[in-house]
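Hi,

Here is the structure you asked for. My notes follow below it.

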Amino acid sequence: MAAVAEAASLSFAASRLVPRCQVKASQLSQDSAPILSLQSRSWTQRPQLSFSSSSSSWPGASIESNDHCSSFARTNAIRHLVGSLTTTHGLRFAVVVARFNEIVTKPLLEGALATFKAYNVAEEDVDVVWVPGSFEIGVVATKLGKSGRYNAILCIGAVIRGDTTHYDAVANSAASGVLSASLNSGVPCVFGVLTCEDMEQALNRAGGKSGNKGSEAALTAIEMASLFEHHLK
């Protein structure tokens, strides 16, 4: 009985040492976000401690944050920079096209040129450069980008999977080549190279039931050229 009484006494004493906390929201000022303060009642048989963010004392009973955090609602100073599809006057483009799989790349090119015309890009502001295959696109795009004559480079090709791993090598090299051309020249180089499992997939994306990816890539080129020309110079 004495052991039971002693255990009950210890349990009661421990429960009285558990702090009871309450969180209050301070009143909103005119232009500040709500500030939460955490205040704790004193421990049993201990003096009450206080702590603030400006003090170096150990965090004890009361923790309050300073009113120097800016509100997420303050967005008036943020600018949103977006390229335009309608302000195309004076923008110049180069289109690098792979001859390999020309049955696919030619309709892609036609879709791109039709889109440039529809968005009022002058014909004399578009140059088309043919290369043997998609593997050669990257080095030519880099050269054109560094020439300083173009606002964007559109890269068109078609890589179709075959019986060997050649597809993987060419597709990866084409993608990394176009990316490197953008980074090394500082001119947007748009990836318009199809990487398809078979010829049917490629034709569907070159004016078939899946649309024309050459046209879509041309829209990307216009927007990126406008963004760089009007906002990122």
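Which side chain does arginine 92 meet in a salt bridge? Its partner is aspartate 125, at 3.4 Å from N to O. (A salt bridge here is a side-chain nitrogen of Lys or Arg within 4 Å of a carboxyl oxygen of Asp or Glu.) Arginine 92 sits in the loop between β3 (62–64) and β4 (93–98), and aspartate 125 in the loop between α2 (102–118) and β5 (126–131), so the pair ties together parts 33 residues apart in sequence. Both arginine 92 and aspartate 125 are buried. (Buried means under 20% relative accessible area, exposed over 50%, partly exposed in between, with a 1.4 Å probe and protein chains only.) A network of salt bridges links Arg92, Asp125, Asp127 and Arg149.

Before you read further, some ground rules. This is a predicted model: local features need pLDDT of at least 70, side-chain atom pairs count only at pLDDT 80 or more, and totals for chains, interfaces and linings use all residues. Residues are numbered from 1 along each chain as its sequence is written, and side-chain values use heavy atoms, leaving out hydrogens and water.

On confidence: pLDDT is the predictor's confidence in each residue, from 0 to 100. The protein chain has a mean of 81, and 68% of its residues reach 70 or more. Where pLDDT is low, the predicted coordinates should not be read in detail.

The whole structure has 7 salt bridges. One of them joins lysine 213 to glutamate 216, with the closest N and O atoms 3.5 Å apart. These two are 3 residues apart in helix α6 (residues 213–230), or about one helical turn. (Helices, H or I and at least four residues, and strands, E and at least two, are DSSP runs numbered from the N terminus.) Lysine 213 is partly exposed at 28%, and glutamate 216 is partly exposed at 40%. Glutamate 229 also pairs with lysine 233, at 3.0 Å between the closest N and O atoms. Lysine 233 is exposed at 76%.

Now helix α4, residues 166–185. Its buried residues include Tyr167, Val170, Ala174 and Val178. (The arc is taken over the directions from the helix axis to the C-beta atoms.) They pack against α3 (137–146), β6 (152–160) and β7 (189–196). On the other side, Asn172, Leu179, Leu183 and Asn184 are exposed. Glycine 186 follows α4, with a positive phi near 75°.

Best wishes

Technical notes: Contact means heavy atoms within 4.5 Å.
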